[in-house]
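Dear colleague,

Please find the structure below, followed by an account of what was found in it. I would be grateful if you would read the two side by side.

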Amino acid sequence: MQRHEQLRLLELLAHGIANNLSADAGGITRAPVSDYTCPDLLRREQAVFFRQTPLLLGLSQDLPEPGSYVATSETGSPILMTRDDAGRFRAFLNVCRHRGTQVVADGRGRRDRFTCPFHAWTYRNSGALIAINREARFGCIDKENHGLVELPAQERHGMLWVRPQPGDGFDVGELLGGLGAEMDSWKLAIHPFAEEQTIEADINWKLALDTFGENYHFDVLHKETLAAEILGNLQTSDAFGLNYRMCFMSKRAYNYMQEHKLSLDSVPFRRVTLSVYFIYPNVILLMDPAGVDLLRMVPHPTDPARSTTHHRFYADPEMVEAVKKHRAEHGDGHAPESRFVGFNRIVVDEDYAMGASTQKCALSGAQTHYTFGRNEPALRHYHNAHRRGLGLPELDLAAG
Ligand code: FES
Ligand SMILES: [Fe+2]
């Protein structure tokens with residue numbers, strides 16, 4: 001993010017603190033409860049968002065060197081992502097051209113060839129079919145036309161993008177709606193992968209996104225946890241095409257700055273804020289002092305009331321160096337606690353538990369609409385972005 005943009009956001013946040021203000025959606029939005037429960041809508045979402053739309057499936061350091069691979073079925077299609085021998089990012093349908101078995105088990109590692117577990121056909125990380133077991137007995141086929149089916153894939157700004165079905169390429173700059181340079185400024189490409197987890201929840205996948213769509217709830221739901229770290233009911237609000245960014249202020253850092261009379265431009269932006277990006281259609285990126293969380297929310301294949309959150313954490317390289325130095329100097333031999341311990345105390349035990357309550361009530365048919373406040377502009381943005389993607393009318397804004 002450009003320094004002048006950082007300063008603009010910090011000033012907005014400081015102004016909000018001084019005047020008890022936050023970003024304003026301009027009115028109240030009513031959103032249909034059926035968006036979270038309708039099986040027909042789910043089928044359309046699956047077809048449009050998780051088949052046709054290019055998705056952000058990882059960051060560059062998921063594939064740190066030639067020969068690295070990641071296999072994932074998170075979109076509903078088995079996908080194999082590789083960095084080939086020339087260092088190029090590639091993606092394939094992870095489906096054997098013989099009898100259609102998944103070639104590589106979901107996971108990550110380093111391998112430049114993959115042998116199918118059923119009859120041992122072997123593919124290179126370029127997708128080429130290089131060996132057919134007992135070829136003379138099998139019969140003669142044209143190996144050149146039986147490589148793994150390649151998917152449109154691009155590596156830009158330290159991000160790995162894949163369209164889950166074969167077809168035309170795509171323009172990442174267009175998808176990011178002007179966020180490309182800002183993503184470069186976060187240096188995503190050099191954030192090392194640290195750990196990953198999968199969270200199954202009894203909530204619609206958009207309810208999982210909504211969890212990261214406002215901080216109006218921080219002082220209530222998270223009063224014993226996150227409220228000590230981040231100022232609640234205070235955010236910036238900026239849209240970038242279908243994507244969105246909001247920034248929150250660190251409570252501790254702000255109090256420290258006040259105490260020591262530090263000016264806004266004297267502190268590194270990342271150390272005093274939490275930046276939350278919605279990357280259309282299903283990703284939340286969290287940038288905080290420790291690193292980057294990449295959360296991909298995906299629906300259950302048939303049940304609108306269930307979803308999976310695929311979560312990876314990539315450490316800030318500067319923090320990694322600082323921790324290494326500290327350890328070398330102080331001889332601290334303890335393994336650091338997983339980031340997910342504290343994260344899950346907030347997101348799983350508090351946010352997703354509240355989401356499960358919301359989902360249960362949605363299924364009860366108790367009401368037809370929810371109300372998004374003026375202080376919840378991201379929710380309005382997320383839902384309208386999805387509606388645009390599906391060709392549905394956008395939600396009305398009512399005075400309030
Ligand atoms: S299905 Fe893969 S080798 Fe037969
Ligand atoms: Fe929360």
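**Phe170 and its surroundings**

Not counting residues up to four places away in sequence, Phe170 touches Pro54, Pro152, Arg163 and Leu175; two residues are in contact if their C-beta atoms, placed from the backbone, lie within 7 Å. The model is a predicted one, in which local features need pLDDT of at least 70 and side-chain atom pairs count only at pLDDT 80 or more, while totals for chains, interfaces and linings use all residues. Residues are numbered from 1 along each chain as its sequence is written, and chains are lettered from A and ligands numbered from 1 in the order in which they are written.

Phe170 belongs to the loop between strand 11 (159–162) and helix 4 (172–176). Helices (H or I, at least four residues) and strands (E, at least two) are DSSP runs, numbered from the N terminus. Phe170 counts as partly exposed because it has 16 C-beta neighbours inside 10 Å. On this scale a residue is buried if 20 or more other C-beta atoms lie within 10 Å of its own, exposed if 12 or fewer, and partly exposed in between, with C-beta atoms placed from the backbone. Between the C-alpha atoms of Phe170 and Asp106, which are 64 residues apart along the chain, the separation is 25 Å.

**Domains and core**

The protein chain falls into domain 1 (3–51 + 178–398) and domain 2 (58–169), with bounds that come from an automatic or database domain assignment. Their C-alpha centres are 32 Å apart. In the contact between them, 18 residues of domain 1 meet 13 residues of domain 2. On the side of domain 1 that touches domain 2, the elements giving two or more residues are helix 2 (39–52), helix 5 (180–185), strand 17 (291–299) and strand 18 (307–315). The residues of that side comprise 10 nonpolar, 4 polar and 4 charged. Here Ala, Val, Leu, Ile, Met, Phe, Trp, Tyr, Cys and Pro count as nonpolar, Asp, Glu, Lys and Arg as charged, and the others, Gly among them, as polar.

The largest nonpolar core has 89 residues, and those with the most contacts inside it are Leu80, Met81, Ala91, Leu160, Val162, Leu209 and Phe278. Both domain 1 and domain 2 give residues to this core, so it lies between them. A nonpolar core is a set of buried Ala, Val, Leu, Ile, Met, Phe, Trp, Tyr and Cys residues joined through C-beta atoms within 7 Å. Leaving aside neighbours within four places in sequence, Phe278 is in contact with Leu209, Asn243, Tyr244, Ile284, Ala378 and Tyr382.

The 14 residues of helix 2 should span 20 Å at 1.5 Å a residue, and the end C-alpha atoms are 19 Å apart, which agrees. The expected span of a helix is 1.5 Å times one less than its number of residues. Helix 2 bends by about 25 degrees at Glu45, the bend at a residue being the angle between axes fitted to the seven residues ending there and the seven starting there. Leu42, Glu45, Phe49 and Phe50 are buried in helix 2, and their cover includes strand 17 and helix 12 (377–390). Leu42 counts as buried because it has 21 C-beta neighbours inside 10 Å. Apart from neighbours within four places in sequence, Leu42 is in contact with Pro299 and Pro304. The C-alpha atoms of Leu42 and His300 are separated by 9.0 Å, although these residues are 258 apart along the chain.

Helix 11 (residues 339–363) has 25 residues and reaches 33 Å from its first C-alpha to its last, close to the 36 Å expected. Helix 11 bends by about 30 degrees at Tyr352. Its buried residues are Val347, Asp351, Tyr352, Gly355, Gln359 and Ala362, covered by elements including strand 12 (193–201) and helix 6 (205–211).

**Backbone exceptions**

Most residues other than glycine have a negative phi, and most peptide bonds are trans. The peptide bond from Tyr280 to Pro281 is cis, with omega near 0 degrees; Pro281 is in the loop between strand 15 (273–279) and strand 16 (283–288). Ala120 has a positive phi, near 70 degrees, and sits in the loop between strand 7 (113–115) and strand 8 (122–124). Asn233 also has a positive phi, of about 55 degrees, in the loop between helix 7 (218–221) and strand 13 (238–240).

With kind regards
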